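This report is meant for a reader meeting the structure for the first time.

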Amino acid sequence: MTADRTVRMFGGGCGELTPPAQSATALEAVRLAKRYRGTWALRDCTLSVPAGRVVAFVGPNGAGKSTFLRLVAGLIAPTRGSVRVFGEPVGQRAEALARVAFLAQDKPLYDGFTVAEMLRFGHHLNPGWDDALARQRLAELDIPLNRKVGKLSGGQQAQVALTIAVAKRPDLLVMDGPLANLDPVARHDIMRSLMAAVAETQMTVVLSSHVVSDLTNACDWLMVLNRGQVQISGEVDELLAAHRMLSGPAELADEVAARMPVINDSRSGRQADLLVHTGPGTSLHDPRWSASGVSLEELVLAYLRRPDTTSLPRPTLTTT
Amino acid sequence: MLKFRLDPSSGVATYLQLVHQVKHALRLGVLMPGDRLPTIKEVVSDLAINPNTVAKAYRELEHEGFVVGRPGMGTFVRRSLGGGATADHTRLRRDLARWVHDCREAGLDHGDIEALVAMVLADSAQEGIA
Amino acid sequence: MLWLTWRQHRMQVLVTTALLVVLGVVLLISGLGAAGFAAQNAPATDCVADTPACSAYRVEMNERIHSVGELLGWLPLLAPALIGAFWGAPLLAREFEHGTHQLTWTQSVTRRRWLAAKIVGLGAAVTLGGLVLAGIVEPWLAAFDVPPYNVDRFDMSWFRVVGIMPAAWWLSAFLLGMATGALFRRTLPAMAVTLGVCALAFFGLLRAPSSYAPPERAVQAQVIDELEPEDSLYVTSYWIDSSGAKFTSQERHLALAGPCGTDETTKKYAQCTFSHGYRQVVEFHPADRFWQFQWTEAGILLIPALSLGGVAVRRALRPRI
């Protein structure tokens, strides 16, 4: 079947809307792989993310998202391959550690510390610590400095953890499921203050989630990880522009599939709905088909259902 | 200060929604030349959207000549939108209100009126092209 | 970094300090009492003859020293175990348990430096604590060391609360606790194992010092002879006959039942056994081996503790591959 064909997308750079100062590569992984006790959590991941992006890192549970992020944060070492942040390999060197901030899944903090003591912790352990920024953020959020961290609500704890990560003034902020276990209000608040921090500091952010809808408006880059491999990596606007939902007669579906890669094919009776990768410059001039745009969520779901299909912004030979 | 709202179900790209809302505010006179648009940080900390999206919308507006960005100070309205003098606006609005009243008298509901307006607008646009 | 170490472990530091202060006060009161009693009641004579005054003084001093000594006797077992369980075990285990290592290890300080600060800071504090304990016990013992009452630091009752022994035991237990914490990554199991190993080490080494070197041997040269020098560590004693064959007390008793009778307490019996060629032999370690033995035991404790700590730290800090 043609639908089995692997799709590779060319280009995918930053486009003219990204200011030139941000054209550096924030994150680059080359053939990155990690094995735990004989099981590959991550296999052969190669990708790069331009600076200044907010990256939605999605994938089903157990896809290897946490492993990837922990590798980027330097918490674990890869079995094979390499990760670079702004051109420098990650690892146990003070300069490398200072560039990346990491927010672990359960947002650990020292429960017995007061909020002020957590700030002091950040201050002592980070030469680039921005105390004014931290205090201002916490004041805006009405989080009392003299309260014990363990006595704060889940949302407030997440805010304190985020504040410590941001006040470190990293170039790259890595967040492993920052919205997990938070109520909808706290989720929105976290995203609001995260976006404000991004506007203020121009840092690059990678945040993982298995809920795409939480990230739709906040992220401008999409990375999809499935079964330990990168399935999609690209700019959200370009990805959305390169995919169409085609509806038309079922008997003509095979003909369309022969001309362009079909990511998702659902047919019911005489009607066929095809999510296709039109690619740049390709269009379908057939009045019997109606084309409509796809949402980020539809796109991600379609790809996740087809783990053999990829869309990656690098020139690669088309393989089977 | 202008406050943006997002309609997630509209299907319109977020940055375009922002552009439309600024233009709408310019038309209604909510925004006047010299007014400052909310900063990118203010918008994103309100809506939880990507700063690049706001920047893109502001660049679009700047490109179209509606606003001007002054580094370190903010983005300011340069000119208003909507033809005609304010006096004309008042008169036309009064006429339209009367017309809407007529429509209601004739038994048209909200949807009917909207459809009618859209149809007339489309026809007039066609005439414009022709 | 030191601030963080202090902030995270101040409870242990404060409690340990408070306990040392309490002990210091108890020993001060007891020591002052003993000194006062000795100043008033110590017989001027050297008490070779056991006068009632001498024996009354000895009994009273013995009573006084042991009323507090009972308490001190538990310290060599309890203190290292508690140091290991409360200072050492939670050091890494708590971080792993709460996931806070992910927070700390992603700040701008390498985990090696972070851990070095903790181990050096707390290790120094623990060592200091041990030295302070010895430092308050020794003057207290000195207060009792007024002739004719004699306090022997080499005696196993005191050997582990004086000199460098508390410091060595405490530091080893701290390292052991940290290592088990790093290996188990859970606080409670690490504490339990640390307590167990500390108890094993204590009972295993309880009588070990006498074998830290070949003992010296003294052979009876006259009928009344004090074989064992003062302040030495007694190992064993037995009898030999003129041919050099070894006898236990009972064997000698049987062999001499004919010629010397059976009443061992008389001077005549002693002269009789001496004239039959039986000589008493005492094996002991002289007092000048005190520091040698202190360092030997310190080595026995610290070398494995340091190696175990090194292995555990290396394992814990390595980004898991």
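## A strand with a partner on each side

In this predicted model, Ser247 of chain A stands opposite Asp273, a residue of strand E13 of chain A. The strand that faces E13(A) here is E11 of chain A, residues 243-249, and seven bridges join E11(A) and E13(A), which run antiparallel.

The hairpin made by E12(A) and E13(A) has two residues between its strands, and in it Gly269(A) takes a positive phi near 60°. Strand E13 of chain A, which spans residues 271-277, is mostly covered, with five of its seven residues buried.

## An open sheet in chain A

Elsewhere in chain A, four strands form an open sheet, in which the order is E2-E1-E4-E5 and the pairing is antiparallel. Strand E2 (39-50) and strand E5 (88-89) of chain A each have a single partner strand and stand at the edges, so one side of each is left without a neighbour in the sheet. Strands of a sheet pair through backbone hydrogen bonds, and the pairing can be either parallel or antiparallel.

Inside this sheet, strand E1 of chain A (residues 25-36) and strand E4 of chain A (residues 80-85) are paired over five bridges in the antiparallel sense. Within E4(A), Val85(A) is the residue that stands opposite Leu27(A).

An unreviewed UniProt entry carries the annotation "domain: ABC transporter", which covers residues 27-252 of chain A. The C-alpha atoms at the ends of residues 27-252 of chain A lie 43 Å apart, and this span is 32% helix and 31% strand.

## Where the chains touch

Which chains share the most contacts? There are two pairs of chains in contact, and of these it is chains A and C that share the most contacts. By comparison, no contact joins chain B and chain C, and the closest C-alpha atoms of chain B and chain C lie 25 Å apart.

The contact between chain A and chain C takes 25 residues from chain A and 20 residues from chain C. On the side of chain A that touches chain C, helix H2 (94-99), strand E6 (100-103) and helix H3 (115-125) of chain A each supply at least two residues, and H3(A) gives the most, with four residues. The residues on this side of chain A divide into 17 nonpolar, four polar and four charged.

## Two domains in chain C

The domain assignment of chain C gives a domain 1 made of residues 2-212 together with 288-317, and a domain 2 made of residues 216-285. The C-alpha centres of domain 1 of chain C and domain 2 of chain C lie 39 Å apart. The contact between these domains takes six residues from domain 1 of chain C and six residues from domain 2 of chain C, and on the side of domain 1 of chain C that touches domain 2 of chain C, the residues divide into two nonpolar, two polar and two charged.

## Chain B

Chain B has five helices and two strands, and from the N terminus on its elements run α-α-α-β-β-α-α. The radius of gyration of chain B is 18 Å, well over the 14 Å that the globule rule gives for 130 residues, so chain B is more spread out than a compact globule. Taken along the principal axes, the C-alpha atoms of chain B fill a box of roughly 55 × 35 × 30 Å. Of the 130 residues in chain B, 24% are buried, and among contacts in chain B between residues at least 6 apart in sequence, 53% join residues at least 24 apart.

For chain B the domain assignment gives domain 1 (14-77) and domain 2 (86-129), and the centres of domain 1 of chain B and domain 2 of chain B, taken over C-alpha atoms, are separated by 29 Å. An unreviewed UniProt entry places the annotation "domain: HTH gntR-type" on residues 12-80 of chain B. The end C-alpha atoms of residues 12-80 of chain B lie 24 Å apart, and the span is 52% helix and 12% strand.

Definitions and conventions: Residues are numbered from 1 along each chain as its sequence is written. Chains are lettered from A and ligands numbered from 1 in the order in which they are written. This is a predicted model: local features need pLDDT of at least 70, side-chain atom pairs count only at pLDDT 80 or more; totals for chains, interfaces and linings use all residues. Domain bounds come from an automatic or database domain assignment. Two residues are in contact if their C-beta atoms, placed from the backbone, lie within 7 Å. Ala, Val, Leu, Ile, Met, Phe, Trp, Tyr, Cys and Pro count as nonpolar, Asp, Glu, Lys and Arg as charged, and the others, Gly among them, as polar. UniProt positions are given in the numbering used here, feature names are shortened, and annotations may be inferred rather than shown by experiment. The radius of gyration is taken over C-alpha atoms; the globule rule is 2.2 Å times the number of residues to the power 0.38. A residue is buried if 20 or more other C-beta atoms lie within 10 Å of its own, exposed if 12 or fewer, and partly exposed in between; C-beta atoms are placed from the backbone. Two strands pair if DSSP finds at least two bridges between them.
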